[in-house]
Amino acid sequence: MPQGFGPAPVSSGPARGRRKALLIVLALLLVAGLGGGGWLLWGGHGKATKRNSGPAESSGQIDTRLDWMIPTPDKEKSADVHASNPMTWFAYGNIVRTRDRQITAYDIEHGKQQWNVPLAGEVCKAARRPENDMVAVLYEKEKYKCNNLIVVDLKSGRAKWEQKLPSYSGDGEYIDPQVRLSRGTVKVMGTSEQATFAVADGKVLDHPKTNVIYDCAETDAPTDGKILISIVKCSSSNREFLRKIDSATGRVDWTWKAPEGLDILSVPSIDPVTVSVGKSEADGPTDLLSVNSEGRTQSTYSLTGQAGGHVSVRGDTAYLATQPKETSAGIKQNEIQAIDLKTGEKRWSSTAGGNRVNRSLDFDGDKLLVYQAPQAGEGGKLVDLDLRDGSPSVRKKLPAESSSIQYDVDFGSEIYLQDDRVFIVADITIPSNYLIMSFK
């Protein structure tokens, strides 16, 4: 069976703490030119520990070399390429990546293409989690109409089936659709329509005449395979809701209402449920809320000044990367802060031992893995932070010789650790000279 499948649900799903086939995921823009400010935390009354000492070096091989790179084809560097929401998965010794008009698998050992599934249009959305070796991808056969669905077998590298989305309006446009694979079905949810398909043969299992129940539409449904959270928007009242659903029975366990005037922007964790809200996607998040097991708001944290970023959650603690600030030397740096989701107290903050921009990635045992961006003449790093106090230790050092290429690919990239290799995977919506860099 494939190990370490790609991005965890909704940015940073619950930690598993498994070293075997560990996959670290982040899709966080390194925002250049950000001003002052940072995460401002509501209700923090306890003391926080700040760690500024340099990181100790962990045992084992930490220095890496650039092993292989995948160049970006010239046609994919064009400003006309507008493919969005790229996705990466790991399966059967391959790194699988959605590109502008294709889904491609590369051997992680050598970077050689293993298989490729061409698409008749540009990728626009994909399911975050595969199921039983299958992935589901939406693409635009007609420009700016995200209305075609394909299911691909990660083991064979072949399309199982593909079809245009059924639509009562005739054009198949579901408007800002999301895709979810769960329990043998593919569900496509848009603000105008929705449909459910059988993964086995593409048969339409459900296509309601309206996607509105009491003027409310389901717009997304993140899951970790066990817990299912449904995001619902009601247009007449302009309110948004979360529903926790038993994925086996379909029963709604509870419904949570977002604060009036605020949209649900992301769900960084579904166990425990943690929600980022704001006035709009363009304005960015204003608050981070914790929802308890009964569907009630447990705590609220103000995110004033945050330009968007990643939140890692384990148990009753959220780990936040603050907004980068520029030092007097012209270097951008930030901190990782540990926040108690029950009390609102900041437990500690850490610069991870360096004057760099830090991204929280995922967990490995009692460590939080953090990626540090490259600087002039110095490669990027993977650093472990102790969950108890934020003390750092170096996990991997990327080579200085390729720091300029790392910097080019790094902007908007995803960072992965798989089979003791570090992968930097470029965001195809931000043109760079390389699609993937692999370090060993």
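**Close-up 1. The aromatic cluster of the predicted model.** Trp 68, Phe 90, Tyr 416 and Phe 423 come together in one aromatic cluster, shown here in a model that is predicted. With a relative accessibility of 4%, Gln 418 counts as buried.

**Close-up 2. The tilted aromatic pair of Tyr 319 and Trp 348.** The structure holds six aromatic pairs, and one of them is formed by Tyr 319 and Trp 348, whose rings lie 5.9 Å apart from centre to centre. The planes of these two rings make an angle of 45 degrees, and the pair is classed as tilted. Because Tyr 319 lies in strand β25 (residues 317-321) and Trp 348 in strand β29 (residues 346-350), the pair ties together parts that are 29 residues apart in sequence. Both partners, Tyr 319 and Trp 348, are buried.

**Close-up 3. The open four-stranded sheet β12-β13-β14-β15.** Four strands make up an open sheet in the order β12-β13-β14-β15, and their pairing is antiparallel. The edges are taken by β12 (178-182) and β15 (204-206), each of which has a single partner strand, so that one side of each is left without a neighbour in the sheet. On average, and with direction ignored, neighbouring strands of this sheet are turned by 30 degrees against each other. The pairing of β12 with strand β13 (residues 185-189) is antiparallel and extends over five bridges. Within this pairing, Leu 181 has Val 186 of β13 as its bridge partner.

**Close-up 4. The largest nonpolar core, with Ala 136 among its members.** The largest nonpolar core contains 18 residues, and those with the most contacts inside it are Ala 136, Leu 138, Leu 149, Val 186 and Phe 197. At least two residues of this core come from each of the strands β9 (134-140), β10 (148-153), β12, β13 and β14 (194-198), and β9 gives the most, with three residues. When its neighbours within four places in sequence are left aside, Ala 136 is in contact with Ala 126, Ala 127, Leu 149, Ile 150, Val 151, Val 179, Leu 181 and Val 186. Another core, of 17 residues, lies apart from the one shown, and its members include Ile 103, Trp 115, Tyr 139 and Val 152.

**Close-up 5. The disulfide of Cys 124 and Cys 146.** The chain has a count of two disulfides, and this view shows the one formed by Cys 124 and Cys 146, whose sulfur atoms are 1.9 Å apart. The link of Cys 124 and Cys 146 is right-handed, with 80 degrees about the S-S bond. Distant parts of the chain are linked by this pair, since Cys 124 sits in strand β8 (residues 122-126) and Cys 146 in the loop between β9 and β10, 22 residues apart. Cys 124 is buried, having a relative accessible area of 4%, and Cys 146 is likewise buried, with a value of 6%.

**Close-up 6. The disulfide of Cys 216 and Cys 234.** Cys 216 is joined to Cys 234 by a disulfide with an S to S distance of 1.9 Å. The torsion about the S-S bond of this pair is about 105 degrees, so the disulfide is right-handed. Because Cys 216 lies in strand β16 (residues 216-220) and Cys 234 in strand β17 (residues 227-234), the pair ties together parts that are 18 residues apart in sequence. Cys 216 and Cys 234 are both buried. When the bonded cysteines are counted along the chain, its disulfides follow the pattern 1-2, 3-4.

Definitions and conventions. Residues are numbered from 1 along each chain as its sequence is written. This is a predicted model: local features need pLDDT of at least 70, side-chain atom pairs count only at pLDDT 80 or more; totals for chains, interfaces and linings use all residues. Side-chain values use heavy atoms; hydrogens and water are left out. Rings of Phe, Tyr and Trp (its six-membered ring) pair if their centres lie within 6.5 Å; planes under 30 degrees apart count as stacked, over 60 as edge-to-face and the rest as tilted. Buried means under 20% relative accessible area, exposed over 50%, partly exposed in between (1.4 Å probe, protein chains only). Two strands pair if DSSP finds at least two bridges between them. Axes are lines fitted to C-alpha atoms, for helices over the stretch in contact, and angles run from 0 to 180 degrees between N-to-C directions. A nonpolar core is a set of buried Ala, Val, Leu, Ile, Met, Phe, Trp, Tyr and Cys residues joined through side-chain atoms within 4.5 Å. Contact means heavy atoms within 4.5 Å. A disulfide is a pair of cysteine sulfur atoms within 2.5 Å.
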